[in-house]
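Dear colleague,

Please find the structure below. My notes on it follow.

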Amino acid sequence: MRMTSQRKQILNLLKLAKRPLSAEMIYEQLPHDALNLSTVYRTLDLFFKEKMVAKSFMQQTTYYYLNEEKHHHYMICLGCQKMIEIACHLDDMEKDLADKHHFDIKYHDMTVYGYCQACQNK
Ligand SMILES: [Zn+2]
Ligand SMILES: [Zn+2]
């Protein structure tokens, strides 16, 4: 994949954000003369195919985050929308499922929803 400056910019935003970003959030942070929203979507899609980013579907929006060496997921508070990074423990399960069902697994998605401690105490 060719690393254009636009692609670098988008990757960098995801790196700095330390939380999942939607395509719209990324678009808002970039100079608009350089690219449009559909370019952001296309770029994220490409990153996803290259396994450079992971995505989660939360509250009717797709959020993207860097797929680092330590693949992870998020817990989301339904009260304050706080996103808490959690380690992924699904790799073994994936292997079992692949064996059992002869399924060629390409990716998985998991998001945990609930209330954080602060919101429970409200
Ligand atoms: Zn909360
Ligand atoms: Zn995972």
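**Findings**

Lys 82 sits in the loop that links strand S4 (72-77) to strand S5 (83-87); helices (H or I, at least four residues) and strands (E, at least two) are DSSP runs, numbered from the N terminus. This is a predicted model, in which local features need pLDDT of at least 70 and side-chain atom pairs count only at pLDDT 80 or more, while totals for chains, interfaces and linings use all residues. Residues are numbered from 1 along each chain as its sequence is written, and chains are lettered from A and ligands numbered from 1 in the order in which they are written.

Lys 82 is partly exposed because 15 other C-beta atoms lie within 10 Å (buried means 20 or more, exposed 12 or fewer, partly exposed in between, with C-beta atoms placed from the backbone). Leaving aside residues up to four places away in sequence, Lys 82 touches Cys 77 and Cys 116 (contact: C-beta atoms, placed from the backbone, within 7 Å). The C-alpha atoms of Lys 82 and Cys 116 are 7.9 Å apart, although 34 residues separate them along the chain.

Gln 81 is not a glycine, yet its phi is positive, at about 65 degrees. Most residues other than glycine have a negative phi.

S4 also belongs to an open sheet of three strands, ordered S5-S4-S6 with mixed pairing (strands pair if DSSP finds at least two bridges between them). S5 and strand S6 (111-114) are its edge strands, each pairing on one side only. S4 and S6 run parallel and are joined by four bridges; Met 75 has Val 112 in S6 as its bridge partner.

Yours sincerely

How values were computed:
Contact = placed C-beta atoms within 7 Å.
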